[in-house]
Amino acid sequence: MIKKQIQITINGKTVKCPEGTTVLKAAKKVGIEIPALCQHDDFCVKANCRVCVVEIKGSSKLQTSCSTIARDGMEIITDSERVKKARNMNLELIFAEHIEKCADCIWRFECPLLHYAEKYKILITTFKDRKGQRQTYKFGNAVEIDGSQCIDCRNCIAACSDLQKINYLEIKDKGSNQEIVPTKKKDHHCILCGQCAVHCPVSAAQEQSNWEVIEPALKAKKEHKNGKKILVAQIAPSIRVSIGENFGLPYGKIVTGHIVAALKELGFDYVFDVNFGADMTTMVEAAELIERIEKKGTMPMMTSCCPGWVNYVEAYHPELIPHLTTSRSPHIHSGGAIKTYWADLMKINPRDITVVSIMPCTAKKYEAARAEMKIKGNFPVDYVLTTREFSFMIKKNGIDFAKLKPAKADDPLGGYSGAAAIYGASGGVMESALRTAHALGCGDDTAGLCKERLEFKSVRGLAGVKESTLQVAGTELRVAVVNGIGNIDPVINNLSAYDYIEVMACPGGCIGGGGQPIPTNEEIRKKRIAALYAHDKDLKIRQAHKNLDVLKVLSWLHKKGHKMEHGVLHTKYKKNTKL
Amino acid sequence: MINILEKLKDSALTGRGGGCFNTAEKWSLVKLSEGVEKYVICNASEGEPGVKKDRYILEHHAGRVIDGMKIAMDFLGASPGIVYLNPDYYFKFKDRLKKIIGPTPIKVFNKPRQAGYCGGEETSALNTIEGKRTEPRFRPPYPPTSGLYGCPTLVNNVETLYAVSLIARNEYKKKRFYTLSGDIIKDGVYEFPESWTIETVLKETNNWPNFEFFVQVGGDASGEILNHDQLKQEVTGSASIRVYSVIKYDPITLIKGWIDFFASESCGKCTPCREGTYRLHEILNNKEPDWEMFARILDTLSDTSFCGLGCSVPNAVRSYVRNVLNNSHESISNIRL
């Protein structure tokens, strides 16, 4: 339904907007920036930071523009002395809640506090810091909340409770003593999804960073001081459609070439693509699906490439462990291939290789460090950087990202299919697996029932749960895709209704991951997803089993014997309530 | 019973909790709202210092209050009712109330102690009853359309419901309860016509001071300060009158008392109240308070706070400076408070 257009004036300027628009959004549309910190499109209006206040004719008090719905004929002033005075005061009060740790803060180039301080010419030091003694709460090795930087906007609470329904974070005490703390309730566990971090405007909730370990290694490399050490970076499927946002590029712009160039510029010796690993994952997972169906194994099978989801299963529903595919996740697959197949090919000792994954995710930090991932004593992936950490390194090193000459990922672990490209979107993993499962299940029979099937559109999109019944290699498969862990309950409560379930802990899948650029919201998630599907369509091969380099790696592993093959491709899970 | 709304309209009764919203209007809003379930809540939080009238009413007229609730519940088809009591009142009155309530579906709710002052704010009370954090809700929706558990909810003060009972039985004489305290001999709660001026109330109770004084009306924290020339007006808000002897109070101590109360009672939800009151407290503890900053923070509190409690923080300080200090205290009154 098309909404009625209404007309308002902002600072004397006539503005048209659809009925139901907030004053904040109406102003933004015409280029009037009203500062806002606690407002986030993913959440209900909270209106607690009080910096988006405006004057509205007829109202005695100032009004928060994030919560005020524009009405026809409304007259709004955003820059009167009264507004400036109150807004600046609230900003100054907020600044004093946030201890500046700018030098090491990965969000300093995008920091809204610094931005507003500069824009409105206000001191960030009007008052004494009052939160110097606040604690930092660490969750696993992946996420932390630094109380000394928290501005009490409560986005983390909304993300953890309303969006993800994990309810791990709580508000302790009241007034100026209030503090965001992990719950003491024994039956609540953090799954390290990082949605608190990607919704925090000031990096109080943030990833436990690893860039400070990588940077000296890169520096040593540049100065030829690190001997035989080889630095390898690999990039996740979803970051190519998101990182550009941090450099002023439009939403959903695919910047794979720029990313590769930036990594090379930073000093990495080789850059591979986790999309290669995604094609490996698809092969392993599709084969497992068919095997489970044929041998009547534990059904439904569930995806396991999302470590937030795996953490959730291990903490809350260990009884579901047999349902999880034993397939490792894409970056662990490609990391494993780098340290076995590629090391062998290049005659490099795997111990001399450091693999750094650039991920949209905080939970990947935990996944990479799981002891069971080790292959012959080596971790497939040594460090995980989030999209934000990586973009910070680029900025910190003065690299003009948008102007880089795009480069190609290195062979032979750089090529990928369209099936891998869509891994970053909710439903993408399932669609990729189905494309290949269909082909594997059909064998050489490409007639009749087994006509090639590429697109499974019913598993796409941003609905919380996507259900459908699909014909795959002549078998009817009942599938469900859970988009965001907050939507998991109805599916878990109705397991027997499905044969195959994909779960992504973050809304939208990895493109909405906890390590992605800020802001991330529904509109942005849509644009990132659209870019991934467009990318898939553009690619010459769109099925994992047609990635010949992947087939080569798999057959090499097979020849190395079961132990090696299994070690690189599969993993196991266990009940775990202590991250 | 059918004409209760008409009677309420005729009485022009307004909320006696301090909000002064027209009672008949509130009742019709709840009546017109759709909901399978509707609630009637009697707000007996009485968290404002210096106001003791709800306590007095519960002590002497509890039957009337419950009667008022029953009338509201009948009118709205609401069930159940809830008496929302601060912990002291709960301890004192719960047994008697339960006896009066009998089999009627009215529950007696013990407000947790930490809910404090802000637990009396209408939407904070709803959160508290639901077991959520005690802090105000974003409005709209307003409680009459979406209150307790999202159902249409009537929240009325103890005294309002007492008056409802009188109105329904045609016994209402446009009187209200005044809490008198401070530097007077005959403090306590009195029932007088609502049209009486502050001066009349003090004189009729033989409390008119023979020394230099000022008063605070409508709560000892958020109430307005008036000098002795400003008392030919009716009381406001919750109708408390506190008398201060000029000679007994040092301005800074007085201001500190008000500010510290708000700083310790802020729920923490919005920036101006949480941070602002903290900084006001900090400024007052400096040897040389920065009054200009102090005034800026006060302005921000009244102009941008999330709820009425935050907006009311400056009331006492500002009116005290304007009406009492009035240039007598150089460092404070030289700036515009």
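This is a predicted model: local features need pLDDT of at least 70, side-chain atom pairs count only at pLDDT 80 or more; totals for chains, interfaces and linings use all residues.
Trainee: Which residues does the domain assignment give to domain 3 of chain A?

Mentor: The assignment divides chain A into three entries, of which domain 1 covers 5–95 and domain 2 covers 112–207.

Trainee: What radius of gyration does chain A have, and why does it agree with a compact globule?

Mentor: The C-alpha trace of chain A spans about 75 × 60 × 50 Å along its principal axes. For 579 residues, a compact globule would have a radius of gyration near 25 Å. Chain A agrees with this because its own value is 25 Å.

Trainee: What percentage of the residues of chain A count as buried?

Mentor: A residue is buried if 20 or more other C-beta atoms lie within 10 Å of its own. When this test is applied to the 579 residues of chain A, the share that counts as buried is 53%.

Trainee: Among contacts in chain A between residues at least 6 apart in sequence, what percentage join residues at least 24 apart?

Mentor: The secondary structure of chain A comes to 18 helices and 18 strands. The contacts considered here are those between residues at least 6 apart in sequence. Of these, the share that joins residues at least 24 apart is 72%.

Trainee: In the open sheet of five strands in chain A, which are the edge strands?

Mentor: The sheet has the order 2-1-5-3-4, with mixed pairing. An edge strand pairs on one side only, and this holds for strand 2 (13–18) and strand 4 (63–64) of chain A. The edge strands are therefore strand 2 and strand 4.

Trainee: Which residue is the bridge partner of A:Ile501 in strand 18 of chain A?

Mentor: Strand 18 of chain A runs parallel to strand 13 (residues 301–302), with two bridges between them, and there A:Met301 stands opposite A:Tyr500. Strand 18 also pairs in the parallel sense with strand 17 (residues 475–483), over five bridges. The bridge partner of A:Ile501 is A:Ala480.

Trainee: Which residue follows helix 14 of chain A?

Mentor: Helix 14 (residues 428–442) has 15 residues and reaches 21 Å from its first C-alpha to its last, close to the 21 Å expected. Of its 15 residues, 13 are buried. The helix is followed by a residue whose phi is positive, near 60°, namely A:Gly443.

Trainee: Is A:Asp152 buried or exposed?

Mentor: A:Asp152 has a positive phi near 60° although it is a residue other than glycine. Its place is in the loop between strand 7 (143–146) and helix 4 (155–163) of chain A. Because 26 other C-beta atoms lie within 10 Å, A:Asp152 is buried.

Trainee: How does A:Asn167 count, with its C-beta neighbours inside 10 Å?

Mentor: A:Asn167 lies in the loop between helix 4 and strand 8 (169–172) of chain A, and its phi is positive, about 55°. It has 14 C-beta neighbours inside 10 Å, so A:Asn167 counts as partly exposed.

Trainee: Where in chain A is the place of A:Pro519?

Mentor: Most residues other than glycine have a negative phi, and most peptide bonds are trans. A cis peptide bond, with omega about 0°, joins A:Ile518 and A:Pro519. The place of A:Pro519 is in the loop between strand 18 and helix 16 (522–538).

Trainee: Which helix of chain B gives the most to the side that touches chain A?

Mentor: The contact takes 23 residues from chain B and 24 residues from chain A. On the side of chain B, helix 8 (251–265), helix 9 (271–284) and helix 10 (291–304) each supply at least two residues. By class, this side has eight nonpolar, seven polar and eight charged residues. The most, seven residues, comes from helix 9.

Note on methods. Residues are numbered from 1 along each chain as its sequence is written. Chains are lettered from A and ligands numbered from 1 in the order in which they are written. Domain bounds come from an automatic or database domain assignment. Two residues are in contact if their C-beta atoms, placed from the backbone, lie within 7 Å. Helices (H or I, at least four residues) and strands (E, at least two) are DSSP runs, numbered from the N terminus. Ala, Val, Leu, Ile, Met, Phe, Trp, Tyr, Cys and Pro count as nonpolar, Asp, Glu, Lys and Arg as charged, and the others, Gly among them, as polar. The expected span of a helix is 1.5 Å times one less than its number of residues. A residue is buried if 20 or more other C-beta atoms lie within 10 Å of its own, exposed if 12 or fewer, and partly exposed in between; C-beta atoms are placed from the backbone. The radius of gyration is taken over C-alpha atoms; the globule rule is 2.2 Å times the number of residues to the power 0.38.
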